[in-house]
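The following exercises concern a structure that is to be read step by step. Each task is followed by a worked solution.

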2 protein chains.
Amino acid sequence: MSLPQRFHWEKLADFCESVFRKAGVPTETAQIVAQSLVEADLRGVDSHGVVRTDIYLRRLEAGRIQPLAEPSVISEGPGFTLLDGNNNFGAYVGMKALRTALDRAKAGGIGIVGVKGSNHFGTGAFYALQAIREDMILMVMSNASQTMPPTGGIRPFIGTNPLCVGVPAGAEQPFVLDMATSVVARGKIIVAAQKGEPIPLGWAIDKDGNPTTDAQAALEGSVLPVGGAKGYAISMVIDILSGVLTGAGYGQYVNNMYENWNEDQNVGHFFMAIDIQRFIPLPFFKGRMDDYIRSLKAEPKAPGVPEILIPGELEHRQSERRKQYGIELPLKVAEELHGIGLRYGVSLLDAAMPD
Amino acid sequence: MSLPQRFHWEKLADFCESVFRKAGVPTETAQIVAQSLVEADLRGVDSHGVVRTDIYLRRLEAGRIQPLAEPSVISEGPGFTLLDGNNNFGAYVGMKALRTALDRAKAGGIGIVGVKGSNHFGTGAFYALQAIREDMILMVMSNASQTMPPTGGIRPFIGTNPLCVGVPAGAEQPFVLDMATSVVARGKIIVAAQKGEPIPLGWAIDKDGNPTTDAQAALEGSVLPVGGAKGYAISMVIDILSGVLTGAGYGQYVNNMYENWNEDQNVGHFFMAIDIQRFIPLPFFKGRMDDYIRSLKAEPKAPGVPEILIPGELEHRQSERRKQYGIELPLKVAEELHGIGLRYGVSLLDAAMPD
């Protein structure tokens with residue numbers, strides 16, 4: 001029997017949720033983690049999609065994630081909270097941080113939440129899109145395990161620490177920037193390695209510091225920061241706010257979820273929510289965002305450029321498409337999920353879309 | 001008589017302050033503006049140094065800066081303030097915003113200040129270094145007039161909107177990132193044009209969208225965003241937080257200080273101050289910063305790289321050097337300042353250092 005490769009997004013989320021529940025994760029947490037993965041697939045960020053189910057489960061099974069732990073408050077003030085995720089799933093901890101930031105912003109205009117003791121929290125856009133639905137601006141950062149050298153260095157020291165900013169618009173699609181501070185997300189190199197495809201020169205160096213187009217060699221080496229010293233510096237900022245300031249790991253102390261099975265990851269995050277209407281009237285703001293986006297899109301284009309794009313625009317279109325036509329998974333990923341399903345008595349086939 | 005070109009930093013600041021005072025600027029404001037300019041020169045950011053005295057003065061003389069206007073509060077909450085700079089000097093408005101952000105952070109842990117109705121505010125580092133002296137983390141952004149195309153565009157639409165983050169350390173020098181979101185600061189191209197020097201390929205395109213090494217052609221064209229679409233997106237974030245959210249100009253509505261003499265600039269800024277000790281104990285934080293910086297600097301280096309650098313390190317050394325040996329100005333800049341001095345009855349020669 002050949003395995004299907006195209007799946008219905010909601011049913012795929014149900015599949016992941018069921019697997020996590022059967023592995024001992026409370027329903028709400030299992031739902032959040034599953035949604036965070038499938039939403040990444042919907043938006044075309046396959047590197048952060050259901051492909052991560054396996055590693056999340058393995059961390060859980062190895063006792064390196066505590067699915068029953070509730071995040072606790074370390075310190076707080078009128079505009080901020082410092083949370084300890086107590087090593088629950090990153091997406092669950094992230095949702096708690098998001099809710100706290102949004103509630104604080106609603107109460108006082110601004111909500112900042114630092115987080116220690118967390119794990120890989122998926123994509124920042126998962127949180128930003130929820131904030132946007134509540135007419136909030138959200139900035140989210142997270143540190144990550146070592147993958148990039150400092151400028152002038154030759155081996156991984158800092159993570160491809162992601163920066164995400166979500167801003168609601170009016171009639172236009174919201175602004176959603178969600179970027180790694182590397183030239184490309186390391187997840188894209190993982191996907192290339194899984195597909196056996198080469199990567200462009202300039203994305204990474206091998207373990208000896210030489211430029212490489214071999215995805216596997218790149219994974220064993222270092223991803224390069226975007227824009228050289230500037231990307232390195234922004235990645236440091238994210239590490240400082242998410243890690244040094246919160247008491248989480250930073251630099252070499254953020255543990256690799258694929259390689260370190262003796263220690264918790266101790267990932268740190270930094271959330272900033274802004275209640276727009278406390279600054280200026282919301283309709284005025286949304287009108288300005290629409291005008292800004294429309295003016296940008298109306299700019300004259302370089303030859304061969306079909307369209308000026310706003311961050312998040314392609315991902316939004318991809319999401320609409322995949323909700324309708326399904327999420328296509330590489331055979332290797334489908335096989336892996338199928339195996340996980342067999343192990344936990346949940347059928348991946350139920351999530352398949354008819355051809 | 002040949003004009004001296006090497007100046008004592010404090011005397012150079014006195015010169016600028018005197019000129020501004022004689023042009024009708026109150027003493028405190030004149031001091032702040034002069035300090036902001038000279039501190040940029042000290043740190044080697046010549047593009048934002050006393051070379052800007054002329055344009056600031058010309059805006060003032062043309063009635064396009066209101067040196068007596070006090071910034072006013074538009075809206076506020078426990079963790080934030082929205083200010084109208086009422087078109088005073090950017091550095092004066094920026095200092096007011098900084099003080100407000102620091103005071104709010106001291107009171108509640110977090111201080112966010114949005115600003116509309118401002119002007120060019122100098123370097124972000126000027127504010128960050130002051131926050132660092134008070135053991136605060138500061139993030140500062142400002143929008144700027146149109147100089148970069150969106151990705152896929154061919155003419156200037158967004159500014160090289162700068163991002164600055166300052167973080168105190170313990171025994172180590174503080175972390176001070178102060179970057180334009182372009183490949184290089186436009187000011188560097190201005191300096192190259194003044195010196196008649198070419199610029200590297202990749203910094204800019206000419207007015208027809210072609211790559212150029214001609215600094216003058218670049219100034220007539222567009223500076224390129226750092227890291228392609230990522231720099232474009234970060235520049236948009238800064239424009240949204242500094243401009244769209246505050247009621248200041250954004251995109252095409254931030255007026256060029258060199259070209260638009262009929263309208264105020266309406267620059268916007270965004271300040272975020274964090275009182276570290278409200279999150280975790282200050283000595284613990286500083287120890288972690290020192291460890292982070294030392295670990296980075298101890299990383300193995302690529303061939304030909306003498307040293308791994310931390311953002312702000314070179315600028316700090318340059319500042320120490322220039323405090324001792326003086327600030328050297330290009331002849332053209334010295335001549336311009338000398339002319340200004342003659343006009344206002346202040347002698348630039350008094351600021352010269354003996355050979």
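A salt bridge is a side-chain nitrogen of Lys or Arg within 4 Å of a carboxyl oxygen of Asp or Glu. The model is predicted, so that local features need pLDDT of at least 70 and side-chain atom pairs count only at pLDDT 80 or more, while totals for chains, interfaces and linings use all residues. Residues are numbered from 1 along each chain as its sequence is written, chains are lettered from A and ligands numbered from 1 in the order in which they are written, and side-chain values use heavy atoms, with hydrogens and water left out.

**Exercise 1. Salt bridges**

Task: State how many salt bridges the whole structure holds, and describe one within chain B.

Solution. Step 1: Over all chains, the search finds 36 salt bridges. Step 2: One pair is B:R99 with B:E134, whose closest N and O atoms are 2.9 Å apart. Step 3: This pair links distant parts of the chain, for B:R99 lies in helix α4 (residues 90-108) of chain B and B:E134 in the loop between α5 and β5 of chain B, 35 residues apart. Helices (H or I, at least four residues) and strands (E, at least two) are DSSP runs, numbered from the N terminus.

**Exercise 2. The interface**

Task: Describe the interface of chain B and chain A by its contacts, buried area and polar pairs.

Solution. Step 1: With contact meaning heavy atoms within 4.5 Å, 77 residues of chain B touch 77 residues of chain A. Step 2: Buried area is the accessible area (1.4 Å probe) that two parts lose on being put together, summed over both; here it is about 6300 Å², 74% of it on carbon and sulfur atoms. Step 3: In chain B, the residues losing the most area to chain A are B:K230, B:F279 and B:Y292, together 12% of what that side buries. Step 4: The rule finds 2 salt bridges across this interface. B:R155 forms a salt bridge with A:E299, the closest N and O atoms being 2.9 Å apart. Step 5: The largest share of the side of chain B that touches chain A, 11 residues, comes from helix α8 (residues 229-244) of chain B. Step 6: A polar contact is a pair of N or O atoms within 3.5 Å; within protein, one must be able to donate a hydrogen and the other to accept it, and residues adjacent in sequence count only if both atoms are side-chain atoms. By this rule, 31 residue pairs are in polar contact across the interface (both at pLDDT 80 or more).

**Exercise 3. The sheet of chain B**

Task: Give the strand order of the open sheet in chain B, and identify its edge strands.

Solution. Step 1: Two strands pair if DSSP finds at least two bridges between them. Step 2: The 7 strands have the order β2-β3-β4-β10-β5-β6-β7 (chain B), with mixed pairing. Step 3: The edge strands are β2 (72-77) and β7 (175-179) of chain B, each pairing on one side only. Step 4: Strand β5 (residues 136-142) of chain B runs antiparallel to strand β10 (residues 267-275) of chain B, and 7 bridges join them. Within this pairing, B:L138 has B:A273 as its bridge partner in β10(B).
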